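Please view the sequence and the structure first; the sections below then take up selected places in turn.

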Amino acid sequence: MQDLPLILAAPLMAAMIWTDLRHMRIPNMLVGAVALLGIGCAILGLMPDLGMRLIAGGAVFVAGLGLFAIGTMGGGDVKMLAVLVPLIPPEALPSFAVLLSATMLAGVLLLTGARRVAGGPESAWVSLRATGRYPLGLSIATAAMILPLAI
């Protein structure tokens with residue numbers, strides 16, 4: 001039951017992977033949908049430790065703002081992490097952090113290979129054209145979809 005909010009978010013995470021790979025953007029509408037899902041789950045009592053979850057989301061938002069300010073993270077990534085983290089049970093946050101790190105490493109390696117094979121200026125996929133940038137939504141969503149399997 002504690003992983004139900006993340007399971008319900010899986011289709012939204014799949015959409016985030018698509019949009020971030022295709023356009024290197026996480027639409028505000030998608031961020032809003034995850035936020036509404038979180039509000040719905042809170043109203044239904046699926047997140048009994050809501051205070052801790054909101055504190056974690058706020059802390060992630062503040063840290064993300066700092067990373068955004070120095071150009072390390074995109075604004076969509078910051079907003080999505082801030083609304084996604086409350087869906088994660090507090091005791092699973094360390095596991096999510098490890099999964100996020102692992103999916104970032106795997107994503108960078110896979111995207112580097114894909115850029116060599118199918119990338120270049122003529123690619124319709126922005127993530128395959130953009131060198132020196134990484135669509136972090138890919139890792140955020142992948143970690144969020146894998147986490148319920150480990151909870």
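The model described here is predicted. Ser 127 belongs to helix H6, which covers residues 126-129. Its relative accessible area is 1%, so Ser 127 is buried.

A polar atom of the Ser 127 side chain lies 2.6 Å from the backbone oxygen of Leu 21. Leaving aside residues up to four places away in sequence, Ser 127 touches Asp 20, Leu 21, Met 24, Leu 111, Arg 115 and Pro 135.

## Met 24, a contact of Ser 127

Met 24, one of the residues that Ser 127 touches, is found in the loop between H1 and H2. The phi angle of Met 24 is near 55°, a positive value in a residue other than glycine.

Is Met 24 buried or exposed? Met 24 counts as buried because its relative accessibility is 13%, and the limit for buried residues is under 20%.

## The largest nonpolar core

The largest nonpolar core contains 32 residues. Within this core, the residues with the most contacts are Met 13, Met 16, Met 80, Leu 84, Leu 87, Phe 96 and Ile 140. The elements that supply two or more residues to this core are helix H1 (4-23), helix H2 (28-43), helix H4 (75-84), helix H5 (93-118) and helix H7 (136-150). Helix H7 gives the most, with seven residues.

Not counting residues up to four places away in sequence, Met 16 touches Ile 26, Leu 30, Met 80, Gly 137, Ile 140 and Ala 141.

Leu 36, Ile 39 and Ile 43 make a nonpolar surface patch of about 350 Å².

## Gly 113 in helix H5

Gly 113 is located in helix H5. With a relative accessible area of 31%, Gly 113 is partly exposed.

How far apart are the C-alpha atoms of Gly 113 and Phe 61? The separation is 31 Å, for two residues that are 52 residues apart along the chain.

Notes:
Residues are numbered from 1 along each chain as its sequence is written. This is a predicted model: local features need pLDDT of at least 70, side-chain atom pairs count only at pLDDT 80 or more; totals for chains, interfaces and linings use all residues. Side-chain values use heavy atoms; hydrogens and water are left out. Helices (H or I, at least four residues) and strands (E, at least two) are DSSP runs, numbered from the N terminus. Buried means under 20% relative accessible area, exposed over 50%, partly exposed in between (1.4 Å probe, protein chains only). A polar contact is a pair of N or O atoms within 3.5 Å; within protein, one must be able to donate a hydrogen and the other to accept it, and residues adjacent in sequence count only if both atoms are side-chain atoms. Contact means heavy atoms within 4.5 Å. A nonpolar core is a set of buried Ala, Val, Leu, Ile, Met, Phe, Trp, Tyr and Cys residues joined through side-chain atoms within 4.5 Å. Patches are made of residues with over 30% relative accessible area and no salt bridge: like charges are joined within 9 Å, nonpolar side chains (Val, Leu, Ile, Met, Phe, Trp, Tyr) within 5 Å. Accessible areas come from the Shrake-Rupley method with a 1.4 Å probe; for residues, only the protein chains shown count as cover. A salt bridge is a side-chain nitrogen of Lys or Arg within 4 Å of a carboxyl oxygen of Asp or Glu.
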